[in-house]
Amino acid sequence: MKLRKILTLLSAAAGLSLASGAAIAETEGYLSIWSSTVKVAGKGDKKTLTMDIQTAKPIPVDGKSGAFGYAALTDNANNLLVLVTHLPIDDSSHEDPTNGFHTHVLDLKEPTAACAGANFEVDLENSGKNAAFDADYPWKVKGSKISVENVPVKDLGDAGVDTIVSFTLKPVLDAQQKPANLCVTVADKG
């Protein structure tokens with residue numbers, strides 16, 4: 001039952017991304033994915049993943065373009081890799097101080113009422129328990145290319161990558177101005 005629910009969730013997100021991605025891509029070309037590749041090298045515990053993405057327009061690195069990112073969605077919606085920026089929220093000790101980019105390994109769940117209209121919601125409780133949540137994987141942005149390298153596949157639970165997506169992130173803050181919910185809307189898939 002759980003597998004069917006997750007597959008349905010991923011299928012719905014893929015469909016929604018095609019519908020919503022076209023509108024976003026017209027004005028936000030850095031969320032439009034032209035090409036993407038995922039490479040896995042090595043064996044056993046030494047396997048690593050590299051993700052490369054090329055977008056339609058240059059990726060903003062000024063830290064003023066809102067909360068957005070790129071993700072490798074795994075085949076079980078848990079332990080997925082994200083490269084994200086969402087200044088001024090500080091949830092990483094490895095965040096670039098200028099552009100806010102950093103990496104995480106997260107879990108997703110179906111959106112709660114706080115994230116109505118989003119494709120996913122970050123499962124904050126389970127994501128925070130993951131040792132790779134505050135990961136320091138090497139990444140770089142240059143023009144319309146963004147990449148993450150040398151991600152230990154074991155950090156992703158040895159799960160396969162289902163698809164690459166770009167997304168926007170909407171935080172819902174509590175009274176102390178800390179994220180209570182993180183709403184994820186898929187912009188495009190590659």
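Me: What share of the contacts with a separation of 6 or more comes from residues 24 or more positions apart?

Reply: A contact here is a pair with heavy atoms within 4.5 Å. In this protein, 61% of the contacts with a separation of 6 or more link residues 24 or more positions apart. Bear in mind that this is a predicted model, where local features need pLDDT of at least 70, side-chain atom pairs count only at pLDDT 80 or more, and totals for chains, interfaces and linings use all residues. Residues are numbered from 1 along each chain as its sequence is written, and side-chain values use heavy atoms, with hydrogens and water left out.

Me: How many helices and strands are there, and in what order do the elements run?

Reply: Helices (H or I, at least four residues) and strands (E, at least two) are DSSP runs, numbered from the N terminus. You get two helices and 11 strands, running α-β-β-β-β-β-β-β-α-β-β-β-β.

Me: How do strand 1 and strand 2 run relative to each other, parallel or antiparallel?

Reply: Strands pair if DSSP finds at least two bridges between them. Strand 1 (residues 33–41) and strand 2 (residues 48–55) are antiparallel, joined by eight bridges, with Ser35 opposite Gln54.

Me: Which strands stand at the edges of the open sheet?

Reply: Read the order first: 5-4-3-10-11-7-6, seven strands with antiparallel pairing. Strand 5 (102–106) and strand 6 (108–109) are the edges; each has a single partner strand, so one side of each has no neighbour in the sheet. Further in, strand 7 (residues 120–122) pairs with strand 11 (residues 179–189) over two bridges, and Glu121 sits opposite Cys183.

Me: Which residues have the most contacts inside the largest nonpolar core?

Reply: In soluble globular proteins, nonpolar side chains tend to be buried together. A nonpolar core is a set of buried (under 20% relative accessible area, 1.4 Å probe, protein chains only) Ala, Val, Leu, Ile, Met, Phe, Trp, Tyr and Cys residues joined through side-chain atoms within 4.5 Å. The largest has 24 residues, and Met51, Tyr70, Leu81 and Tyr137 have the most contacts inside it. Strand 2, strand 3 (68–74), strand 4 (80–85) and strand 9 (145–152) each supply at least two of its residues. Apart from it lies another core, of 16 residues, including Val82 and Leu182.

Me: What does Leu81 touch?

Reply: Beyond its neighbours within four places in sequence, Leu81 has contacts including Leu49, Met51, His104 and Leu156.

Key: Buried < 20%, exposed > 50% of the residue type's maximum accessible area, 1.4 Å probe, protein only.
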